[in-house]
Each structure stands twice: as C-alpha cells, then as structure tokens.
Number of protein chains: 2
Amino acid sequence: MEMSGVGPLTAALRMQNVVQSSSRWAQGQQYRPWTLRSLKLQPLSPVPSDIEISRAQTPKPVDQLAQEIGLLQEETEAYGRTKAKVRLSLLDRLREQPDGKYVLVAGITPTPLGEGKSTVVIGLVQALSAHLKLNSFACLRQPSQGPTFGVKGGAAGGGYAQVIPMEEFNLHLTGDIHAITAANNLVAAAIDARMLHEATQKDKALYSRLVPSVNGVRRFSPIQIARLRRLGISEIDPSALMPQEVSSFVRLDLDPAKVTWQRVVDTNDRFLRKITVGQASTEKGHVRETQFDIAVASEIMAILALADGLGDMKTRLGRMVVGSSRSGQPVTAEDLGVSGALAVLMKDAIKPTLMQTLEGSPVFVHAGPFANIAHGNSSVLADKLALKLVGEDGFVVTEAGFGADIGMEKFFNIKCRASGLRPNVVVLVATVRALKMHGGGPNVSAGSPLPREYIDENLSLVVKGCSSNLRKQIQIAHLFGVPVVVALNVFKTDTQAEIDLVCQMAKESGASDAVPCHHWARGGRGSVELAQAVKQAGSQPSHFQFLYSQETPIVEKIRMIAQKVYGADDIELSPEAQAKIDYYNQQGYGKLPICMAKTHLSLSHLPEKKGTPTGFTLPIRDIRASIGAGFIYPLVGTVMNMSVTILLCVCVPPEV
Amino acid sequence: MEMSGVGPLTAALRMQNVVQSSSRWAQGQQYRPWTLRSLKLQPLSPVPSDIEISRAQTPKPVDQLAQEIGLLQEETEAYGRTKAKVRLSLLDRLREQPDGKYVLVAGITPTPLGEGKSTVVIGLVQALSAHLKLNSFACLRQPSQGPTFGVKGGAAGGGYAQVIPMEEFNLHLTGDIHAITAANNLVAAAIDARMLHEATQKDKALYSRLVPSVNGVRRFSPIQIARLRRLGISEIDPSALMPQEVSSFVRLDLDPAKVTWQRVVDTNDRFLRKITVGQASTEKGHVRETQFDIAVASEIMAILALADGLGDMKTRLGRMVVGSSRSGQPVTAEDLGVSGALAVLMKDAIKPTLMQTLEGSPVFVHAGPFANIAHGNSSVLADKLALKLVGEDGFVVTEAGFGADIGMEKFFNIKCRASGLRPNVVVLVATVRALKMHGGGPNVSAGSPLPREYIDENLSLVVKGCSSNLRKQIQIAHLFGVPVVVALNVFKTDTQAEIDLVCQMAKESGASDAVPCHHWARGGRGSVELAQAVKQAGSQPSHFQFLYSQETPIVEKIRMIAQKVYGADDIELSPEAQAKIDYYNQQGYGKLPICMAKTHLSLSHLPEKKGTPTGFTLPIRDIRASIGAGFIYPLVGTVMNMSVTILLCVCVPPEV
C-alpha cells in the first residue's frame, strides 16, 4: 500500500484496522450465531402485488447486513445501497470453519405455470433466520432480463417471500449477465474475423497480425506459447519459426459449417433466432447463417456457475470448444487467443452478489445457467461462501431448476461433483394443482382459466397425483441417499382435506416429513413448520452417492439416468448421437458428466405424459458438449428444437 | 422510513445523522477549498506502459474521495472500491451555489493517431488540484468496450495523466453502456415483434395482447392513454372503444422499409454490419435486412449525454423516432409503449460515475456518444454536478471529441444549448506532429513508421501548420466569444525551437496564451504552466454566443456551420437531403440544432485536405434526425458510408 503522503493519524487508524481485522479473523474461525436484525413483516390480506410488497419494505443497508453475517469490510464491494459483491478471499479466511447444512429445493414435475420453488427457498430462509433464529442463507440464480420484459415477470420470489429490492434483482443486478454477454460476443466476433482473415490473407500477413512488432520487438504471449506447445513447437523466438510452423500456428482452419458458438443477447428478440451475418461488402461474401441465443444460455454462464475460483474459470474459458477444423479437430477459445480477455471481462462477475429477503435474511444471487442445455443451478462459489458464513449449525438453501428429475439430478451429478459439496436435505415442492394434473386432471396452460377440477376439492385426483409423480420424485432423491422433506406450497383454493392428504401420502412414500407452507401469504412465519422439518431432517445422517461414476461410458451414463431417474425402458440413439459419442470418446471427453436436455413437463420426453410414465424408450436425437463448463448434453426427443432451442420469445414489454 | 423494530440507540444515531447532514448542508452552500489528499507521483524515465503506471498507484477509497469533495454519504452509491455513482439530488442541495469555471478542451484537426486531448484534460486537472490546490474536476466520456479489445486501446488518458484504475475505466465501469445496449435492443425487439403481430393478427387479438385482462380487469396504462390522446380518442375505458378506434390504437403500421432503429452491441463485430433477421420459420417469412451498430452510437447514449434529469430522459426516450408508418407518419418509442421500460433500464445509468486521476483528483465518467452521428461530448449532468461541487472559484474541465471544428462546435451549439451552461475557456490542443502535417508534411497513418519530417526539427512545416489549421481553429473558438489557451502536447522528438515557435505563433493568432505541456511524462507537475494560463484566461470575461438561433431554418444553419466554421464557399444539398428537410419542417423538427456528420481529418469534407482548405462546396448527401436526443444530423460527403457507418471494426483481441 502507498503510504507516502499519509499523516500519522491516518497511519494510526490503519494500524487499528489491522488489529481489529486480526481479532475478527480469529473469531471468524468459530461458529457463532449472527446478530441479524430482522425486518418486520405485517402481511396484508388480500396479498398486494409483488412490486407493492417489495416497495413497501425498506431494506437494511447492505453494509450493515454484511457486518451482521460476519463479513469483514474489506471482503465486500458495495454496488449501490442494497447490493454488494463478496470477495472470494473469504474462502481463505474461513478455510478451517466447518460448512453448514446444505439444503436443495427441488420440485415435482411442474405445470407450465410453475409451482413456486423460488418462493419456497426464500420463505424457508425467512423462517429459519427471522423466526428460528438460525444462521441461514438463500442462494439463487440471477434471472435473465429478457423475460422480465416479457410475459413471465421476474424471479425474485413472490408475495411475502421475496428478494428485495425486486427491481434491483430483476434488472442489471451487478452486471454479471452483461459481462457474460460481452465475453460471449467477443468470442463470436473473434471467430468470424479469424475465418475471414485466414481466408483472405497469406501466412506471413496473418503472422504479423497475430504477433505484431511492438517498438521493433516481436514476442509470443503466454497463450500463444501454450498453443505452440500443443502443436509440438518448442521455439519461443517468433523470428525463428519455420514456414510450416508459422502456417500451422496461424491457421485454425475453422470449418464455417462446424462453428457451434453463437452470439447472445439478454433480450427476448425472436427475430434473432435465425439470421445471416457478414452481408456487408467489407466481408467479401463470407456470409454465414447463424443465430443469437439468450445470454443465460451461453456456456460462459455455465462456467461461471461451476467455477471454483478465478484460475479455474480462466482454464474453463480457454477450454471452450467453439467449433471444429476442416480436419475435424476441436478449436477452442484458447486457440483463438481470447481466454485472457474473457477472464478480464469476467473478473468481477465471479464474485457473488449479496442481497436480502423481505425479512432481512441474506441472499446470494449468482449465475443462472439455462436448465435445459445447461445444469440450471446457481453458482458453486456462492454456495461455498454461504456454507462458510452460516457455519456448522447454519443452513444454506439453494434451488434446482425444473422438476427434480432434471434440476436435482443435475445438481447432484454435475454441480456437487464439481464442487465436492454434499447435500443434507432435499425439499421437494409440490402443489395441489400440479398433483391434480398428474392425477389425470385436464390440461393446464398459461393464459387460460384453470378448469374447475383445480379450484374445487378433488381428493381422487390428489391421490393419483401423489401416488404417481410425487412418489417417483421422492424415490429419485432417495436414489442419491438424501432425506426428503415435502413442502406443499399452499394456494388459497386448496382445502384442508387436500392438504392433509398430500402430507400423509408424502410421508407414506418415504418423505422424512411433509408440511404445508404459507410463505406467499404470510412470509417466514408461514414456513416455520417447514423450517423445523428441514432442521430435523438435516440432523439425520445423509448418505449421498452419485448415480454414476465418471468412468462409466457415455452411453451407460445416459441409460442410467433414463432408466433410474426417468423410468424409461431403454434409450435409443440416433446415428448422429452415436457418431458424436464416438467423436467425444476419441477426443477424451468420455469422463464428463451428462446434462440431459429434456422437457421439464414430464418425466418422459413427451410433455403431455403426466404422472409416472412407463413403457417408453427415450430417444436421443443428438449430443452436444460444453467442454469448458465440463458436461455433455444429449438432446432428448424426436421433435427438432423441442427442448434445445433457446427461445428468444415474443416480446411485448409491459408498461412500467 | 420504516422505524418499527428499531431500538432507541439506532434511533438516536439516525437523529444525529440528520443533524450532521443539516449542518453539512448549510456549509455546502458556500464555497470552500477542498481538503483533497493528493496521491504522490514519482514519474519514471523512460515512461512505463500505461497499465504499469496505473497499477503502480493505489487509488484512494472512493468514499474518502467523495467526502473530500463535499459529497454527503447519502449522495453516493459505491460500485466497488474505486467507483461510485453520484445521485442527482446533489443538484437540489447545491442549487444556490454558484458554478465554477467551465473549461473545454478541444483540438486542432488531428492526425489519425490522435493528439492527446484526454491526457491534456487529466494533466490539467492534476495540475489544478494537486499543484495549484484549486478545486477542480475532470469530466470524461465513457469509452466503448469494443476498441478496448481492438487495436486502439482504452481511453483513460495515458502516461502520467490517467484515470485509475485503468481496467475499471475501460471495461464495464458501472454498467451504463450495458444498460444502453439493453434499452436499445428492447426497442429493436419491440419493433420487429410489433410488425409481425400487426401483419398476422386481427385488431381484436392485438388489442387483447396490448390491453390484457388482469384478474378480469382491463386497463389502459398512462402511456397508452397518452397515445389515445394523440389519436384524438378521449375514452379511457378499454371496453368502450369503437372498432375503428381500436384499429387505429393497435396499428402503428410501421413500414419495414422505413425502420431506422438498429440493434447495437458493444463489441467490434464486423460481421454484424449488415445482416438479415427473422429467418426462423416461426417468423413466417418476415425477414428483413438490418445491421448492428456499436452501442455508443445508440440514440439512447446521446440522450443520456443531453438529459437534464430522470423526467427529461424519459421524455426524450419516448420521443425517439424509430421509423415511419406506411402513411409517412413518424413512429416513436412512446407509440411502441416501451418508454417506461426504457426509463427503468436507464434509471442508474443517469447517475455519473466518480473516479480519480493518478494524483487523486476527482473525475466524472459519464456518457460517450459517438462524435460523428452524435455530438461526442460527455454528459450535461456530470458537468452540472461538477460545477456545483467545485464551487465558484473552481474549475471543471471537459473534452469535445475530434477537432474543434466538430467537437467544439457541437459542444457549443448542441450541448451548451441543451444545458444552459456557458463555457469560460477553450483549451486548444496542438502537437508539433499535427502542425507539421497541416504544414504540408507527408501522410501520417496508424501502423506505419513516422516519416523523418516528424522526427527531425522542421520549422518551416511548423510555421505553415500554425498559420493554417491552428490559426483557423483559434478563430472558430473566437466566433463563439470564448478565450483560447493553446496547449502544446509535447512529444520527446519536439525541439525547443519548434515549441517556442508554436507558442509564439499561437499567441499572434489571438490565443490568450500558449504553453507547452509535459503531463504525459511528468503528470500534473508537467501541466502547471497550462493550469496557470487557464486560471488567468478564466478570470477574463467570456462573451459566449451561439453560432445560430434555433429559429434559423435548417438549411441556413447548415450553411452557417459550413461557411463560418469549415470555411466552405457554400453547401450543396442532394435531392434526398432536400426532401428530408422538407419532411422535418413539416413534422415540426425545424428548430432542432444541427449535428454535422463529417470527417474529423480535415476542416473540409475531404480527409486528405489538410491545413485550411478553401474554395470548396460542402456536399450534404443525406440528412437524418435523432428526435429524442434533439438534433438533426446531415451526412457530409459524397462517398457512401464515409463518415456515417458505425464501424464495427476488425476484432483481434490482444492477449491479456
């Protein structure tokens, strides 16, 4: 630190800070309950709109919250008054501290309306912290900004279980998705520019462009030296390369037809779903058909969610495969020479963002990879930081996207494998509405009024739903050796008999407990019973195990998921899928875990099959890979684009 | 504020804060010198790289800087440790405080390498604050992230006159450009979606989409009611509109061939310069040729730079014309119903970002509109905040892009007209290199070694350069009644005789003073002479006047700029340009100021004409308008795309 120009008083204050930090550091090694100031809630009836509830509550200053949960001043970076990034150095300071309990909120197969997993997460943490006075943290995904201006609205929870301020959560947050967009599109620009240059320039000109003379000196960068090593070239003096070496160094020889990298935008812009680029005369006819995806579908988002630190993130970014050469070799971001730039663009995004619930409990918002072509879970780093902060007797509650067959399976097999963290409890969210659907109720769709079956008491539909989908999803969690608490997210149309029936049948199906939750209408107070059930389940031993070992061949991994999780008889690989598997094995990608791209509306590949489908063969249409993120994703289903198109949906922004 | 649950101590502390705020408020009304802690500089020779210099200096915590310059705690929002947004409420608190001196840094016609205006701004402020101990502030543009990863590098200044930390300045900053990108692309998505819906749906379906039933109730939003008013419909009950009224309400009837709004990206991605969108089958054949521009070229950036506050920004956003209907009527963002969403996306971007120089002087970074199709100046709001903060005897130094004939002319006629602020001094930056070029020296181009004339002493070229371009640019500033100080940005190859000659001839040409500056090699200490000259010039009376009144007809405004500023004999309008003028007059846009889109490499429209070109007629190829920002921009020159294409340049990212 620059000390010149500092007066004695300032210097003395600095010394004092150092002393305080050291003493706090020592304390930080032991668990202690937080002195968290809860924000009082006085729920109104009828429940006002989400935005009205959010605006009616004044959040604590984020620096106060940070202090309450044991963060040192130098470990946070405020972004305005209600958000702060938390530095990863915290992990070093609390290295010796035991982790808290790790709770995953998953759901039964949902209706298209969603069953409220995010609100359960927030309600549960409000109950644990504000009512049971236990250290607890919610870890959530950052929502895409696209749907915020579409039909669906934001993802800050809802009713009296929300992250506040809602606008801050749903809009730019601390810029992570914007950083991902910038990084993703830098790769895309580099790809097209590189193909153009290679097509129009000779080796020597390309070499001068890639290794320019700066003040008369030409030097390889470390990234370039690494590429030379991969090519088997040990020379490090740019002027000493043989012409053939120069040629193999400068030419990636990317096949335009085999570029797999897409541009992204965080706006629901349907007209970018299929486009042609390069039509200006300056691009000399190098037109190419391509597409924009929604930003959260970028592999960089999946990397952010799985990275263990800055170095790991940079390695993964470099490893991303953007396409293949004409000779069939994978071409990576490292080959393009952009991995350093990507890491710089992402250097702040790697720090989780601290916010708070309506009742003043801490929330990390970090990463939000798509749940179909990626794993749909918030970041490993946020969970790790939170587990240290809550300490041994505390609780970290996080969420897996879609139904448990998808989000939870990926949470266990992909995220926990990457992080080394072990879950203690699964909270399985069910609603009477979804159970009735699985029990044979009529179709539920967004925008149409709910049929009467969903509004009036109908115990027979509930019974059938519980004995099919609910039971199966509980069994899936048990496959992994983790105790399950069923959380029935109560709607005002649910009858007491229906509620009791669900709780009873859930316990009969093996759930450690099953309780109704009223967080939406009552806040944390409405989830106290759930919090107690989770606390109880968390004190039981968990015998977590993966479904498959990384050594299992790709096909077998897919088959195990299909049979054991989805209940399929078998899988059926298309010739394309089989060819890809052969290629991935040959490239050494065979040990990667599997990230199924399947509809979330059924345990099978057919969205209309509710309950517990049986007697089906799961078709694998094609297989793709996110080598940087570190998983292979089979595309399930026969219908083109069914589950894989990153929908840039209809955009009719609401009036604000 | 929510006071329930607050203990007596907290309440007492809050009261104390209120008392302190009030007393500081009273002090804030009077001018007082800041107690600014300067950061010591010990310049090395040879001068290290910009990034090395930036990293070698430890910035003050931004909250300390904020306190030193008289900001109250509640007026700032930290973004990490080295950046903070400043709230606009400051303008209310300091309403009665007289403004400081307003100094504009402009330049002579530059070489393609640039002549260092940004470094002069920063060096001058370092000299004023750290060496003359005068309150002073630099106001800079936020650079586009695109070129940061291209050839040019960042825009944080250079050498020992820089904004630090350099990476923070050049990358995401506080997300303003990302917010602009999101807002711009939301408009674009809304345009294409709207055209598709109008082409494929009947009035009733469109109406249901635009005015949906929420819990059985349909309601017009305030934005929709305003649109109904414009259509002459006074009804406010959605169910009571006549079919014809519904039809005119729901149909903007945008002509796809007349959409002028483009998507933007903050990456130099040349393949997006011309594209075709809408090629997915879901878009039913509604393909359209369009393009991406660089994000800083968005009209929303120009609006951010000119807006006077949140309300003004929202009005301007709503007023943006995105195209015209088949019947030739302009269609605005307000017609699309997105202006509220845009304002929400931009609500944080409107607050300027506080950073600091290498010597700890305050800097506002805010807005960075393109200098060709927009006015190329940083924001009105940052200047206003800074002028209040420095107080009556302080200095605010800002920069106008390109040569004085472009950036300064627009600063005066567009920015000062919008802000009501009046400049006190123009600092005109010259280099021996550029003067030699104007004096007839050989061509200077990026990437090629400088010819000998520019390295060896050559007094005759210097004389010719001074008596042509330098003299003319001084005269242009005098046209507006503002005193000029010439700042000769000294390079190491400049000889003493050359330096003396420039200073002497500048004074003979009417400059109040002319001094050499050595900020690049020496920091603020190297610009003390300039600071003293500026202080002296600032104490002289300034008789500022606009070049034209807003009542002057469009053609006459253009002619006045062409003749008086550029030295043209006359202008020549293409038929397209004349037709546009007629249309704009008919639409009531005739009173807007003019924003010339002309090459910055010559006073004329021909980049190769150096010195003071005469005997030319300025061709106006076409005319466009940014109605939201509030100016009309004629495209100067006969070559298509010469000055107006928003280049998404070659992207070869450097290794970081």
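Tutor: Let's start with B:Pro165, which is found in the loop between strand 6 (161-164) and helix 7 (166-170) of chain B. Helices (H or I, at least four residues) and strands (E, at least two) are DSSP runs, numbered from the N terminus. This is a predicted model, where local features need pLDDT of at least 70 and side-chain atom pairs count only at pLDDT 80 or more, while totals for chains, interfaces and linings use all residues. Residues are numbered from 1 along each chain as its sequence is written, chains are lettered from A and ligands numbered from 1 in the order in which they are written, and side-chain values use heavy atoms, with hydrogens and water left out.

Student: What is the peptide bond from B:Ile164 to B:Pro165 like, and what is its omega?

Tutor: That bond is cis, with omega near -10 degrees. Another cis peptide bond joins B:Ser45 and B:Pro46, with omega about 0 degrees. B:Pro46 sits in the loop between helix 1 (8-28) and helix 2 (50-56) of chain B.

Student: Why is A:Lys284 called exposed?

Tutor: Exposed means over 50% relative accessible area, buried under 20%, and partly exposed in between (1.4 Å probe, protein chains only). A:Lys284 has 55% relative accessibility, so it counts as exposed. Its place is the loop between strand 11 and strand 12 (288-290) of chain A, and its phi is positive, about 55 degrees, although it is not a glycine.

Student: And what makes B:Lys133 count as exposed?

Tutor: Its relative accessibility is 56%, so it gets that label too. B:Lys133 lies in the loop between helix 5 (117-131) and strand 4 (136-140) of chain B. It has a positive phi of about 55 degrees without being a glycine.

Student: Is B:Glu77 buried or exposed, and how do you know?

Tutor: Its relative accessible area is 6%, so B:Glu77 is buried. It belongs to strand 1 (residues 76-78) of chain B. Counting contact as heavy atoms within 4.5 Å, and leaving out residues up to four places away in sequence, B:Glu77 touches residues including A:Gly80, A:Arg81 and B:Arg87.

Student: What makes the pair B:Glu77 and B:Arg87 a polar contact?

Tutor: The term needs a pair of N or O atoms within 3.5 Å; within protein, one must be able to donate a hydrogen and the other to accept it, and residues adjacent in sequence count only if both atoms are side-chain atoms. The side chains of B:Glu77 and B:Arg87 are joined at 2.5 Å.

Student: Why is A:Arg263 with B:Asp269 called a salt bridge?

Tutor: A salt bridge is a side-chain nitrogen of Lys or Arg within 4 Å of a carboxyl oxygen of Asp or Glu. For A:Arg263 and B:Asp269 the closest N and O atoms are 2.6 Å apart. The rule finds 8 salt bridges across the interface of chain A and chain B.

Student: How do you know that the two copies are related as by a two-fold axis?

Tutor: Chain A can be laid on chain B with an RMSD of 0.1 Å by a turn of 180 degrees and a shift of 0.0 Å along the axis. The two copies are thus related as by a two-fold rotation axis. The superposition is by least squares on C-alpha atoms of residues with pLDDT of at least 70 in both.
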